[in-house]
Amino acid sequence: MGGWAIAVHGGAGVDPNLPKERQEEGMRLLGRCVDVGISALRSNIPAIDVVELVVRELETDPLFNSGRGSVLTENGTVEMEAIIMDGPKRRCGAVSGLTTVKNPISLARLVMDKSPHSYLAFSGAEEFAEKQGVELVDNEYFITENNVAMLKLAKEANSIVFDYRIPAPGTVGCAVVDKEGRCAAATSTGGLMNKMRGRIGDSPLIGCGTYACELCGVSCTGEGEAIIRSTLAREVAAVMEYKGLNLHEAVDFVIRNRLDEGKAGLIALSKKGEVACGFNTTGMFRGCATEDGFMEVGIW
Amino acid sequence: MGWAIALHGGAGVPLSMPPENRLPREAGLRHCLDVGIAALKSHMHALDVVELVVRELENFPHFNAGKGSVLNTLGTVEMEASIMDGKTKKCGAVSGLTTVVNPISLARLVMDKTPHIYLAFHGAEAFAREQGVETADPTHFITPENIERLQQAKEANRVQIDYTQPMPREAKKNAAIANGDSQTGTVGCVAVDSEGNLASATSTGGLVNKMVGRIGDSPIIGAGTYANHLCAVSATGRGEAILRGTVARDVAALMEFKGLSLKEAAAYPVDQAPPGTVGLVAVSSTGEVTMPFNTPGMFRACATEDGYSEISIWDSPIKGNVLSMFWSISKYNRINFWIHICKGLHQFKKIPTVR
């Protein structure tokens with residue numbers, strides 16, 4: 001076995017003119033999250049708990065597009081979604097359309113562990129949240145000034161923003177393999193700036209934005225449509241499983257051949273403790289670390 | 001080569017079914033198959049064919065989609081659907097619909113008329129109104145049979161908490177997983193037209209007694225629905241199993257990456273899933289059809305351009321009259337059938353859905 005490994009991302013498609021201080025802020029946050037993950041892995045916390053822990057950190061910090069700091073719908077409100085998947089038995093929990101749940105990823109975890117289903121959305125998910133006693137806040141809690149300004153720009157440009165000329169923060173995700181070789185993956189997002197109400201993206205769809213199995217864990221980010229059409233996360237695992245490619249070859253293959261005109265990126269790791277990331281966008285906020293001491297945080 | 005079509009009305013059918021339940025569903029399958037065949041013969045594009053056929057299945061109140069959708073735990077209907085075009089891989093999906101008469105057509109509009117792929121709940125309903133699609137009062141979709149199913153499911157939940165029912169050993173082999181599975185299921189259609197275009201569409205009311213807001217596999221691209229240049233797949237059964245198995249996508253992936261034939265590729269995820277949880281229909285770009293399932297039965301029908309057609313519920317195609325149907329079903333099913341006949345009609349009616 002190759003030991004534990006962790007990878008995190010804060011979104012693919014970064015404005016090349018993003019101010020240096022924003023870039024550094026992002027990298028610092030990712031570095032902090034990787035450290036949180038490393039401590040947890042060193043104290044033998046299972047992969048499924050580590051990914052939840054790390055994504056909670058990313059949701060709580062308003063910098064990226066998840067939890068607090070989520071981008072806004074066309075109505076100026078926040079509708080969040082998240083998913084967590086446990087590799088060994090491919091159990092999963094997903095949520096969409098959340099408006100008051102402080103940590104969507106933890107509600108996704110509860111869907112997986114405490115409900116007979118895999119995916120709950122909108123008012124049903126909110127009701128479940130209430131019954132489970134998770135922390136609930138007003139929708140305003142999630143809204144940041146930056147995002148209000150960006151929504152205004154997007155409306156003026158009349159666009160649904162996946163276009164880094166109008167910079168928008170990215171989806172967050174984490175993939176982990178623990179010492180026992182168990183993989184897990186989690187993704188959380190506010191979706192697309194200026195999206196239609198009720199729009200669901202790729203992130204909470206198993207096999208599209210997120211996937212974990214015996215072999216690997218994957219979390220994607222970028223153009224939701226492209227990720228769904230290419231079932232990107234499952235694709236990485238499928239080429240490993242059915243074509244016998246190793247992790248790096250699989251990620252490479254998928255990014256090169258499966259995205260057609262679409263722009264996206266992903267982080268992935270294997271049960272052997274390998275880490276890989278791939279993106280065909282300009283930049284992807286990412287960080288990773290492996291048990292043998294390797295650590296990296298980067299954008300370009 | 002040539003066109004081909006396959007459609008299903010749900011997996012998880014119990015081992016025996018009284019004629020008053022079976023005959024209308026057979027008739028429904030026959031009608032929808034004929035609609036699909038006529039459309040393909042008139043050179044309709046595969047994407048339009050699957051939408052058309054699924055609309056028919058949704059309108060048919062004996063299947064779990066559109067009118068006749070099963071009820072959630074509150075006794076209301078929440079419908080979902082998805083559609084995918086194999087050539088372009090464009091797709092559309094909807095969930096949480098309560099008033100839209102044909103969810104599959106709304107999914108198609110999401111694909112064609114929005115920059116998104118998937119709209120749900122209030123956002124989807126608002127979009128439906130904007131688009132002027134046909135809507136109806138939520139009560140339109142509710143049938144007396146489904147009210148009864150919900151009641152039974154709620155009672156079964158109470159019973160399950162109180163004690164475990166011992167099951168005959170043979171039945172366990174074919175047992176479907178518990179928790180609300182009913183005699184009806186998701187509907188779906190896959191087709192390849194004479195140009196080789198593939199498409200898939202799936203529509204459902206979900207699981208009996210499901211939690212409000214529960215989304216299953218049917219609207220999830222890669223799980224319940226998938227189409228690319230090699231094949232088109234629509235799955236049915238226990239949503240949670242289909243999701244974790246990414247069933248529809250896996251069929252295509254096995255063809256592409258392992259070079260399996262359609263039949264082999266389709267059989268694999270069905271065999272891998274827990275018994276009694278999955279069935280699917282699939283067609284290939286070369287006009288082949290396959291309809292594997294690991295449940296006791298699956299309502300299904302298919303036809304190919306060379307004149308073959310089939311309508312089936314259990315192991316073997318229905319060959320016409322009841323007697324030949326009886327002899328065509330598997331030995332286990334025949335024995336079970338006789339046991340229940342001997343116990344009398346009231347026993348026959350009381351057979352619980354196989355768990």
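This is a predicted model: local features need pLDDT of at least 70, side-chain atom pairs count only at pLDDT 80 or more; totals for chains, interfaces and linings use all residues.
Local features need pLDDT of at least 70, side-chain atom pairs count only at pLDDT 80 or more, and totals for chains, interfaces and linings use all residues. Residues are numbered from 1 along each chain as its sequence is written, chains are lettered from A and ligands numbered from 1 in the order in which they are written, and side-chain values use heavy atoms, with hydrogens and water left out.

Let's start at the interface. Contact here means heavy atoms within 4.5 Å. Together the chains bury about 3,600 Å². Of that area, 64% is on carbon and sulfur atoms. Buried area is the accessible area, taken with a 1.4 Å probe, that two parts lose on being put together, summed over both.

Now the polar side of this interface. There are 19 residue pairs in polar contact between chain B and chain A, with both residues at pLDDT 80 or more. A polar contact is a pair of N or O atoms within 3.5 Å; within protein, one must be able to donate a hydrogen and the other to accept it, and residues adjacent in sequence count only if both atoms are side-chain atoms.

β7 (residues 199-200) of chain A pairs with β4(B) in the antiparallel sense, over two bridges. Two strands pair if DSSP finds at least two bridges between them. A:Ile200 has B:Tyr118 in β4(B) as its bridge partner.

On to salt bridges. Side chains of opposite charge can pair when their charged atoms come close. The rule asks for a side-chain nitrogen of Lys or Arg within 4 Å of a carboxyl oxygen of Asp or Glu. Over all chains, the structure holds 25 salt bridges. Three of them are between chain B and chain A. One joins A:Arg258 and B:Glu256, at 2.5 Å from N to O.

Others sit within a chain. A:Glu57 and A:Arg32 meet at 3.0 Å, N to O. This pair links distant parts of the chain, 25 residues apart: A:Glu57 is in helix α2 (residues 47-60) of chain A, and A:Arg32 is in helix α1 (residues 20-42) of chain A. A:Glu57 is partly exposed at 27% relative accessibility. A:Arg32 is partly exposed too, at 38%. Buried means under 20% relative accessible area, exposed over 50%, partly exposed in between, with a 1.4 Å probe and protein chains only.

Chain B has a pair within one helix. B:Glu26 and B:Arg22 form a salt bridge at 2.5 Å, N to O. They are four residues apart in helix α1 (residues 19-41) of chain B, so about one helical turn separates them. Are they buried or exposed? B:Glu26 is buried at 6%, and B:Arg22 is buried, also at 6%.

Chain A also has a salt-bridge network. It links A:Asp49, A:Glu52, A:Asp86, A:Arg91, A:Arg109 and A:Asp113.

Next, a sheet in chain B. Four strands form an open sheet in the order β7-β8-β9-β10, with antiparallel pairing. β7 (225-227) and β10 (289-290) stand at the edges, each with a single partner strand, so one side of each has no neighbour in the sheet. β7(B) pairs with β8 (residues 231-237) of chain B over three bridges. B:Ala227 has B:Ala232 in β8(B) as its bridge partner.

Last stop: A:Thr221. This residue is in strand β9 (residues 216-222) of chain A. A:Thr221 is buried, with a relative accessible area of 3%. A polar atom of its side chain lies 3.1 Å from the backbone nitrogen of A:Ala12. Leaving out residues up to four places away in sequence, A:Thr221 touches several residues, including A:His9, A:Thr171 and A:Met284.
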